[in-house]
Amino acid sequence: MFDYQKLLGKMREKSLSQFQLSKIIGMSESTLNIKLNGKSYFRQEEILKICDALGIQDDEVNTYFFTQKV
């Protein structure tokens, strides 16, 4: 399971709620919430859209999306 705390922090830093980000990336808010809570995985195209929306650089993707929850 992955830890999305840094991703949630980046959303706060950009002043984006889950609702706002979901609209930007074309995903329902409930689907985004399920993925952020580790009940489903992000697809590659979703990761790319989120990175674009939040200004996450290519070399930071692992930090935001693939950090293991301990």
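Buried means under 20% relative accessible area. At 10%, Lys10 therefore counts as buried. The model in these views is predicted.

**View 1**
Which residues does Lys10 contact, once its neighbours within four places in sequence are left aside? They are Leu54, Ile56 and Tyr64. Lys10 also forms a salt bridge with Glu13. The closest N and O atoms of this pair are 3.4 Å apart. Lys10 and Glu13 are 3 residues apart in helix H1, so about one helical turn separates them. An α-helix has 3.6 residues a turn, so residues three or four places apart point the same way. Is Glu13 buried or exposed? Glu13 counts as exposed, because its relative accessibility is 56%.

**View 2. Helix H4 has a buried side and an exposed side.**
Helix H4 covers residues 44–54. Its buried residues are Glu46, Ile47, Ile50, Cys51 and Leu54. Look next at what covers the buried residues of H4: the cover includes helix H1 (5–13), helix H2 (18–25), helix H3 (29–36) and helix H5 (61–65). Just after H4 comes Gly55, with a positive phi of about 70°.

**View 3. The largest nonpolar core has 20 residues.**
Which residues have the most contacts inside this core? They are Leu7, Leu21, Leu36, Phe42, Ile50, Leu54 and Phe65. Helices H1, H2, H3, H4 and H5 each give two or more residues to the core. H4 supplies the largest share, 4 residues. In soluble globular proteins, nonpolar side chains tend to be buried together. Now focus on Leu36, one of the residues with the most contacts inside the core. Leaving aside neighbours within four places in sequence, Leu36 is in contact with Tyr4, Leu7, Leu8, Met11, Gln18 and Phe42.

**View 4. Lys35, Arg43, Glu45 and Glu46 are linked in a network of salt bridges.**
How many salt bridges are counted? The count comes to 4. Side chains of opposite charge can pair when their charged atoms come close. One of the salt bridges joins Glu46 to Lys35, with the closest N and O atoms 2.9 Å apart. This pair links distant parts of the chain: Glu46 is in helix H4 and Lys35 is in helix H3, 11 residues apart. Both Glu46 and Lys35 are buried. Another salt bridge joins the side chains of Arg43 and Glu45, at 2.6 Å from N to O. Arg43 counts as partly exposed, at 45% relative accessibility. Glu45 is partly exposed too, with a relative accessible area of 44%.

**View 5. Phe2 and Phe66 form an edge-to-face aromatic pair.**
The structure holds 5 aromatic pairs. A pair of aromatic rings is described by the distance of the centres and the angle of the planes. For Phe2 and Phe66, the distance is 5.4 Å centre to centre, with 85° between the planes. Phe2 lies in the segment before H1 and Phe66 in the segment after H5, so the pair ties together parts that are 64 residues apart in sequence. Phe2 is buried, with a relative accessible area of 17%. Phe66 counts as partly exposed, at 39% relative accessibility. Which residues do ring pairs link into a cluster? The cluster holds Phe2, Tyr41 and Phe66.

**View 6. Tyr4 and Phe65 also form an edge-to-face aromatic pair.**
Their rings lie 6.5 Å apart, centre to centre, with 65° between the planes. The pair links distant parts of the chain. Tyr4 is in the segment before H1, Phe65 is in helix H5, and the two are 61 residues apart. Are these residues buried or exposed? Tyr4 is buried, with a relative accessible area of 4%. Phe65 counts as buried as well, at 1% relative accessibility. Phe65 is also among the residues with the most contacts inside the largest nonpolar core. Tyr4, in turn, is in contact with Leu36.

How values were computed. Residues numbered from 1 in each chain as written. Predicted model: local features only at pLDDT ≥ 70, side-chain atom pairs only at ≥ 80, totals over all residues. Heavy atoms only, no water. Buried < 20%, exposed > 50% of the residue type's maximum accessible area, 1.4 Å probe, protein only. Contact = heavy atoms within 4.5 Å. Core = buried A, V, L, I, M, F, W, Y, C linked by side-chain atoms within 4.5 Å. Phe/Tyr/Trp six-rings, centres within 6.5 Å; stacked < 30°, edge-to-face > 60°.
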